[in-house]
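Biologist: I have a structure open and some questions about it. Can we take them in turn?

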Amino acid sequence: MTSDAVDRIVEQWRRERPDLRPEPMAVFGRIYRLARIVGDAQEKVYARWGITRGEFDVLAALRRAGIPYTLSPKAMTATLMLTSGGMTGRLDKLERAGLVTRSPDPADRRALQITLTESGKRVIEEAVGAGLEVQRRALDRLPEADRARLGDLLRDLLAAVETAPDERDAGPAADAA
(Lines give C-alpha, C1' and ligand atoms only; values in the text may rest on other atoms or scores of the structure.)
Protein backbone atom coordinates (compact mmCIF):
# COMPACT_ATOMS: atom_id res chain seq x y z
CA MET A 1 0.00 0.00 0.00
CA THR A 2 1.33 3.43 -0.90
CA SER A 3 1.59 6.35 1.47
CA ASP A 4 0.01 9.72 0.68
CA ALA A 5 -0.03 13.27 2.01
CA VAL A 6 -2.79 12.42 4.48
CA ASP A 7 -0.71 9.59 5.95
CA ARG A 8 2.14 12.04 6.44
CA ILE A 9 -0.14 14.54 8.20
CA VAL A 10 -1.53 11.85 10.50
CA GLU A 11 1.97 10.61 11.29
CA GLN A 12 3.15 14.14 12.09
CA TRP A 13 0.28 14.56 14.54
CA ARG A 14 1.03 11.16 16.10
CA ARG A 15 4.63 12.24 16.59
CA GLU A 16 3.85 15.73 17.90
CA ARG A 17 0.72 14.93 19.90
CA PRO A 18 0.49 11.20 20.70
CA ASP A 19 -2.43 11.96 23.01
CA LEU A 20 -4.71 13.02 20.11
CA ARG A 21 -5.43 9.74 18.27
CA PRO A 22 -5.52 11.43 14.82
CA GLU A 23 -6.88 8.42 12.86
CA PRO A 24 -10.14 10.21 11.90
CA MET A 25 -8.00 12.65 9.89
CA ALA A 26 -7.09 9.74 7.60
CA VAL A 27 -10.76 9.28 6.65
CA PHE A 28 -12.03 12.85 6.61
CA GLY A 29 -8.87 14.30 5.11
CA ARG A 30 -9.25 11.95 2.17
CA ILE A 31 -12.98 12.60 1.84
CA TYR A 32 -12.30 16.34 1.80
CA ARG A 33 -9.47 16.05 -0.74
CA LEU A 34 -11.49 13.76 -3.02
CA ALA A 35 -14.50 16.07 -2.87
CA ARG A 36 -12.32 19.05 -3.70
CA ILE A 37 -10.46 17.39 -6.58
CA VAL A 38 -13.56 15.87 -8.19
CA GLY A 39 -15.64 18.97 -7.43
CA ASP A 40 -13.09 21.23 -9.08
CA ALA A 41 -13.08 18.96 -12.15
CA GLN A 42 -16.88 19.09 -12.26
CA GLU A 43 -16.78 22.87 -11.94
CA LYS A 44 -14.62 23.03 -15.06
CA VAL A 45 -17.04 20.76 -16.92
CA TYR A 46 -20.10 22.80 -15.87
CA ALA A 47 -18.41 25.98 -17.06
CA ARG A 48 -19.02 24.74 -20.62
CA TRP A 49 -22.68 25.56 -20.00
CA GLY A 50 -21.94 28.80 -18.16
CA ILE A 51 -22.94 27.45 -14.74
CA THR A 52 -21.21 26.79 -11.44
CA ARG A 53 -21.59 23.71 -9.22
CA GLY A 54 -24.05 25.62 -7.05
CA GLU A 55 -26.15 26.60 -10.05
CA PHE A 56 -25.94 23.03 -11.32
CA ASP A 57 -27.39 21.89 -7.97
CA VAL A 58 -30.40 24.20 -8.41
CA LEU A 59 -31.05 23.02 -11.97
CA ALA A 60 -30.60 19.39 -10.92
CA ALA A 61 -33.08 19.76 -8.03
CA LEU A 62 -35.68 21.14 -10.43
CA ARG A 63 -35.02 18.40 -13.00
CA ARG A 64 -35.22 15.64 -10.37
CA ALA A 65 -38.57 17.01 -9.21
CA GLY A 66 -40.10 15.72 -12.44
CA ILE A 67 -42.67 17.36 -14.68
CA PRO A 68 -43.48 20.29 -14.43
CA TYR A 69 -39.93 20.79 -13.03
CA THR A 70 -41.16 23.24 -10.42
CA LEU A 71 -40.30 23.73 -6.74
CA SER A 72 -40.76 26.45 -4.18
CA PRO A 73 -37.66 28.35 -3.10
CA LYS A 74 -38.26 27.00 0.42
CA ALA A 75 -38.26 23.39 -0.80
CA MET A 76 -35.06 24.05 -2.74
CA THR A 77 -33.25 25.67 0.19
CA ALA A 78 -34.10 22.62 2.33
CA THR A 79 -32.99 20.17 -0.37
CA LEU A 80 -29.74 22.00 -1.10
CA MET A 81 -29.01 23.01 2.52
CA LEU A 82 -28.73 26.69 1.62
CA THR A 83 -29.80 29.91 3.26
CA SER A 84 -32.54 31.86 1.51
CA GLY A 85 -29.94 34.52 0.64
CA GLY A 86 -27.66 31.97 -1.00
CA MET A 87 -30.58 30.58 -2.96
CA THR A 88 -31.68 34.05 -4.11
CA GLY A 89 -28.27 34.78 -5.63
CA ARG A 90 -28.25 31.54 -7.56
CA LEU A 91 -31.83 32.02 -8.75
CA ASP A 92 -31.09 35.59 -9.88
CA LYS A 93 -28.23 34.41 -12.08
CA LEU A 94 -30.14 31.43 -13.46
CA GLU A 95 -33.17 33.61 -14.22
CA ARG A 96 -31.02 36.20 -16.03
CA ALA A 97 -29.56 33.37 -18.10
CA GLY A 98 -33.05 32.16 -19.02
CA LEU A 99 -32.59 28.79 -17.31
CA VAL A 100 -35.36 29.21 -14.69
CA THR A 101 -38.42 31.37 -14.21
CA ARG A 102 -40.03 32.68 -11.05
CA SER A 103 -43.79 32.94 -10.88
CA PRO A 104 -46.46 33.34 -8.21
CA ASP A 105 -47.60 30.10 -6.63
CA PRO A 106 -51.23 29.58 -7.71
CA ALA A 107 -52.00 27.95 -4.35
CA ASP A 108 -50.50 30.81 -2.28
CA ARG A 109 -50.18 34.30 -3.76
CA ARG A 110 -47.55 35.20 -1.16
CA ALA A 111 -45.25 32.42 -2.34
CA LEU A 112 -43.20 31.84 -5.48
CA GLN A 113 -42.43 28.81 -7.52
CA ILE A 114 -39.30 28.23 -9.57
CA THR A 115 -39.60 26.40 -12.87
CA LEU A 116 -36.95 25.00 -15.17
CA THR A 117 -37.19 26.51 -18.66
CA GLU A 118 -36.70 24.47 -21.83
CA SER A 119 -33.23 26.01 -22.10
CA GLY A 120 -32.53 25.11 -18.47
CA LYS A 121 -33.69 21.56 -19.11
CA ARG A 122 -31.32 21.23 -22.06
CA VAL A 123 -28.42 22.54 -19.98
CA ILE A 124 -29.03 20.19 -17.04
CA GLU A 125 -29.60 17.17 -19.30
CA GLU A 126 -26.16 17.68 -20.85
CA ALA A 127 -24.33 18.87 -17.73
CA VAL A 128 -25.50 16.00 -15.51
CA GLY A 129 -24.05 13.42 -17.87
CA ALA A 130 -20.76 15.28 -18.14
CA GLY A 131 -20.52 15.70 -14.35
CA LEU A 132 -21.27 12.03 -13.78
CA GLU A 133 -18.52 11.11 -16.22
CA VAL A 134 -16.02 13.04 -14.08
CA GLN A 135 -17.16 11.08 -11.02
CA ARG A 136 -17.18 7.79 -12.94
CA ARG A 137 -13.59 8.30 -14.13
CA ALA A 138 -12.48 8.86 -10.54
CA LEU A 139 -14.28 5.78 -9.24
CA ASP A 140 -13.16 3.58 -12.13
CA ARG A 141 -9.71 3.59 -10.52
CA LEU A 142 -11.10 1.20 -7.89
CA PRO A 143 -12.30 -2.37 -8.46
CA GLU A 144 -16.10 -2.58 -8.76
CA ALA A 145 -16.51 -4.47 -5.48
CA ASP A 146 -14.51 -1.78 -3.65
CA ARG A 147 -16.67 0.99 -5.19
CA ALA A 148 -19.82 -0.72 -3.93
CA ARG A 149 -18.30 -1.29 -0.49
CA LEU A 150 -17.10 2.31 -0.28
CA GLY A 151 -20.60 3.55 -1.13
CA ASP A 152 -22.09 1.29 1.56
CA LEU A 153 -19.58 2.41 4.20
CA LEU A 154 -20.10 6.09 3.43
CA ARG A 155 -23.90 5.64 3.53
CA ASP A 156 -23.63 3.99 6.97
CA LEU A 157 -21.35 6.72 8.28
CA LEU A 158 -23.55 9.50 6.92
CA ALA A 159 -26.68 7.93 8.42
CA ALA A 160 -24.97 7.60 11.80
CA VAL A 161 -23.78 11.21 11.76
CA GLU A 162 -27.11 12.61 10.54
CA THR A 163 -29.09 10.80 13.24
CA ALA A 164 -26.64 11.49 16.09
CA PRO A 165 -27.38 14.25 18.57
CA ASP A 166 -25.90 17.55 17.48
CA GLU A 167 -22.32 17.43 18.70
CA ARG A 168 -21.36 20.87 17.39
CA ASP A 169 -22.30 22.38 20.72
CA ALA A 170 -20.22 19.83 22.61
CA GLY A 171 -16.72 20.84 23.49
CA PRO A 172 -14.49 21.53 26.43
CA ALA A 173 -17.22 23.39 28.33
CA ALA A 174 -19.73 20.60 27.70
CA ASP A 175 -17.21 17.96 28.81
CA ALA A 176 -16.72 19.76 32.12
CA ALA A 177 -20.40 19.51 33.01
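Biologist: Start with T115. Leaving out residues up to four places away in sequence, which residues does T115 touch?

Modeller: Bear in mind that this is a predicted model. T115 belongs to strand 3, residues 108–116. With neighbours up to four places away left out, its contacts are L62, P68, Y69, T70, L99, V100 and T101.

Biologist: Is T115 buried or exposed?

Modeller: The cut-off for buried is under 20% relative accessible area. T115 has 18% relative accessibility, so T115 counts as buried.

Biologist: P68 is in that contact list. What is the peptide bond from I67 to P68, cis or trans?

Modeller: P68 sits in the loop between helix 3 and strand 1. Most peptide bonds are trans. For I67 to P68, omega is near 15°, and the bond is cis.

Biologist: Y69 also touches T115. What is the phi of Y69?

Modeller: Y69 is in the loop between helix 3 and strand 1. Because it has 13% relative accessibility, Y69 counts as buried. Most residues other than glycine have a negative phi. Y69 is not a glycine, yet its phi is positive, at about 55°.

Biologist: M81 has a positive phi too. Is M81 buried or exposed?

Modeller: M81 lies in the loop between helix 4 (73–80) and helix 5 (84–96). Its phi is near 55°. Exposed means over 50% relative accessible area. M81 has 77%, so M81 counts as exposed.

Biologist: How many nonpolar, polar and charged residues make up the contact of helix 3 with helix 5?

Modeller: Helix 3 brings G54, E55, D57, V58 and L59 to the contact, and helix 5 brings M87, R90, L91, K93 and L94. By class, these are 5 nonpolar, 1 polar and 4 charged.

Biologist: E95 is in helix 5 as well. Leaving aside neighbours within four places in sequence, what is E95 in contact with?

Modeller: E95 has a relative accessible area of 31%, so E95 is partly exposed. Beyond its neighbours within four places, E95 is in contact with V100, T101 and R102.

Biologist: What separates the C-alpha atoms of R8 and A26?

Modeller: R8 is in helix 1, residues 5–16. With 48% relative accessibility, R8 counts as partly exposed. R8 and A26 are 18 residues apart along the chain, and their C-alpha atoms are separated by 9.6 Å.

Biologist: Last, the largest pocket. Which helix gives the most to its lining?

Modeller: The largest pocket has a volume of about 1,300 Å³. Two or more lining residues come from each of helix 2 (23–46), helix 3 (53–64), helix 6 (118–139) and helix 7 (144–163). The greatest share, 12 residues, comes from helix 2.

Biologist: Which residues lie nearest the centre of the largest pocket?

Modeller: The lining divides into 20 nonpolar, 5 polar and 8 charged residues. There are 33 lining residues, and those nearest the centre are L34, V38, A138, L139 and L150.

Conventions:
Residues are numbered from 1 along each chain as its sequence is written. This is a predicted model: local features need pLDDT of at least 70, side-chain atom pairs count only at pLDDT 80 or more; totals for chains, interfaces and linings use all residues. Side-chain values use heavy atoms; hydrogens and water are left out. On a 1 Å grid over the protein atoms alone, a cavity is a set of points where a 1.4 Å probe fits but cannot get out, and a pocket is an open set with protein on both sides within 12 Å along at least five of seven lines; lining residues have an atom within 4 Å of a point. Grid points are joined across faces, edges and corners, and a volume is the space filled by probe spheres set on the points. Helices (H or I, at least four residues) and strands (E, at least two) are DSSP runs, numbered from the N terminus. Ala, Val, Leu, Ile, Met, Phe, Trp, Tyr, Cys and Pro count as nonpolar, Asp, Glu, Lys and Arg as charged, and the others, Gly among them, as polar. Buried means under 20% relative accessible area, exposed over 50%, partly exposed in between (1.4 Å probe, protein chains only). Contact means heavy atoms within 4.5 Å.
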